[in-house]
Amino acid sequence: MSPNAESTAFRSALEVIRAVEPRVADAIGAELADQRESLKLIASENYASPATLLTMGNWFSDKYAEGTVGRRFYAGCQNVDTVEALAAEHAKELFGASHAYVQPHSGIDANLVAFWAILADRVESPALKKAQVRQVNDLTEADWFALRRELGNQRMLGMSLDAGGHLTHGFRPNISGKMFDQRSYGTDPATGLIDYDRVAEAAREFKPLILVAGYSAYPRKVNFRIMREIADSVGATFMVDMAHFAGLVAGKVFTGDFDPVPHAHIVTTTTHKSLRGPRGGMVLCGPELADQVDRGCPMVLGGPLPHVMAAKAVALAEARRPDFADYAQRIVDNAQALAEGLLRRGTTLVTGGTDNHLVLLDVSGYGLTGRQAEQALLDSGIVTNRNAVPQDRNGAWYTSGIRIGTPALTTRGLGTAEMDATAELIHTVLSQTTPGANADGTPSKAKYVLDPAVADSVAKQATDLLAGFPLYPTVDLG
Ligand SMILES: *Cc1c(COP(=O)(O)O)cnc(C)c1O
């Protein structure tokens, strides 16, 4: 590759876009500048490679390809077949799965595909049997009514939201909460850890059709072998949503009992979080569920996104390289260094530390809500998100927590020394911020007071810290 290939590619692309709608070209350039300047600690975000990004901008986007490889409802899909088969092949090799379905447009879509595949496989329902693929159009109103009633009676046991579970694991704002009768397992109030005996007890009482493991804000490993035993003991299908930590599985940081793929009946993931690929989703499973999973489109998905499947093939090829395992290990080393740096400065961490890519701060020790902390950090050039902590007294909107993660900064090249410096910056902001008051003098959960000089000084230090680790160093937009 010529030394300037990536700069040339992006510069030329922007020139072409600018000729049509310059404001879009400007916004794209501004987004890169913003990402370069901010200390990104959002646990679910990352920076995809130039090759992955470039793969998404082409004529694959124009193609309809409903169906599966070699069996399409549209003509002329031979090239889509090539990239979809490649992405699936890379996914199977990388994760040691027997089947990979790479069409889901997002993590939510991957979960919907998994839910429907499990239901279609498990529920002895004439209405559901009829609902499969080509007969969907034949369903009468009465069939649909029967279907909805039967689905509404199915049970799902997943991790509670405030313990770090995800909305798609049976919670009301998501369709899963309407499809399923949900119950959740939390964490031990004393340790913040999953109590497997309690999960087993809940499973025995509730008898779920699906036991879900996986999280967005739990800073520890999950023992998937034990979870599978619990599922088996009540005849449940065991599903793992590894959206957040797929990169740690791919990079062989999570092995044995902590690798979900050999233990789960079905595994879903996003491809854009720690896995560092394009924005999208994926389902892995054994041969038993493969046929049902492959019916994801048109059951719950629209036509696949061939340009994104192509980018998944590129990103998964990157994740199969030996240096990805090194990257995955550095993500965890960095998260642990960040956790230690914060603990040393007196910050309270949920579970007292981390063994994955994320750290959950309980900022009530600083006298702040999550919302106040999030905004004060943002004013200081540090991008995080507020998040509930277990048994959160401030609810899901204000919260008492801040979730931070290291996949993005690790991609940039920051190491454990920079994590200690980052912990210092976070602690400085939080310890200098005080809660504000409402107009009537009552304490506010949103307003806060932070000396702008402190915010500016921290933002300057954050920029200095990042200067040694340029983002997309091979891309110069001129
Ligand atoms: C992020 C996430 C999702 C949803 O992914 P989207 O691509 O945003 O739809 C699903 N499950 C878990 C556990 C997640 O963390």
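User: Which residue forms a salt bridge with R220, and how far apart are the closest N and O atoms?
Analyst: This is a predicted model, and in it R220 forms a salt bridge with D355, with 3.4 Å between the closest N and O atoms. The count of salt bridges between domain 1 and domain 2 is 1.

User: And how many residue pairs in polar contact between those domains?
Analyst: Between domain 1 and domain 2 there are 13 residue pairs in polar contact, counting pairs in which both residues are at pLDDT 80 or more.

User: Which helices supply at least two residues on the domain 1 side?
Analyst: Helix 11, spanning 246-250, and helix 14, spanning 306-319, each supply at least two residues of the side of domain 1 that touches domain 2. Helix 11 gives the most to that side, with 3 residues.

User: What's the make-up of that side by class?
Analyst: The side of domain 1 that touches domain 2 has 14 nonpolar residues, along with 8 polar and 5 charged ones.

User: Stepping back, where do the domains run?
Analyst: The domain assignment gives domain 1 as 59-121 + 154-319, in two segments, and domain 2 as 322-467. Their centres, taken over C-alpha atoms, are separated by 29 Å, and the contact takes 27 residues from domain 1 and 27 residues from domain 2.

User: How much area do they bury between them, and what share is on carbon and sulfur?
Analyst: Domain 1 and domain 2 bury about 2100 Å² between them, and 58% of that area lies on carbon and sulfur atoms.

Conventions: Residues are numbered from 1 along each chain as its sequence is written. This is a predicted model: local features need pLDDT of at least 70, side-chain atom pairs count only at pLDDT 80 or more; totals for chains, interfaces and linings use all residues. Side-chain values use heavy atoms; hydrogens and water are left out. Domain bounds come from an automatic or database domain assignment. Contact means heavy atoms within 4.5 Å. Buried area is the accessible area (1.4 Å probe) that two parts lose on being put together, summed over both. A salt bridge is a side-chain nitrogen of Lys or Arg within 4 Å of a carboxyl oxygen of Asp or Glu. A polar contact is a pair of N or O atoms within 3.5 Å; within protein, one must be able to donate a hydrogen and the other to accept it, and residues adjacent in sequence count only if both atoms are side-chain atoms. Helices (H or I, at least four residues) and strands (E, at least two) are DSSP runs, numbered from the N terminus. Ala, Val, Leu, Ile, Met, Phe, Trp, Tyr, Cys and Pro count as nonpolar, Asp, Glu, Lys and Arg as charged, and the others, Gly among them, as polar.
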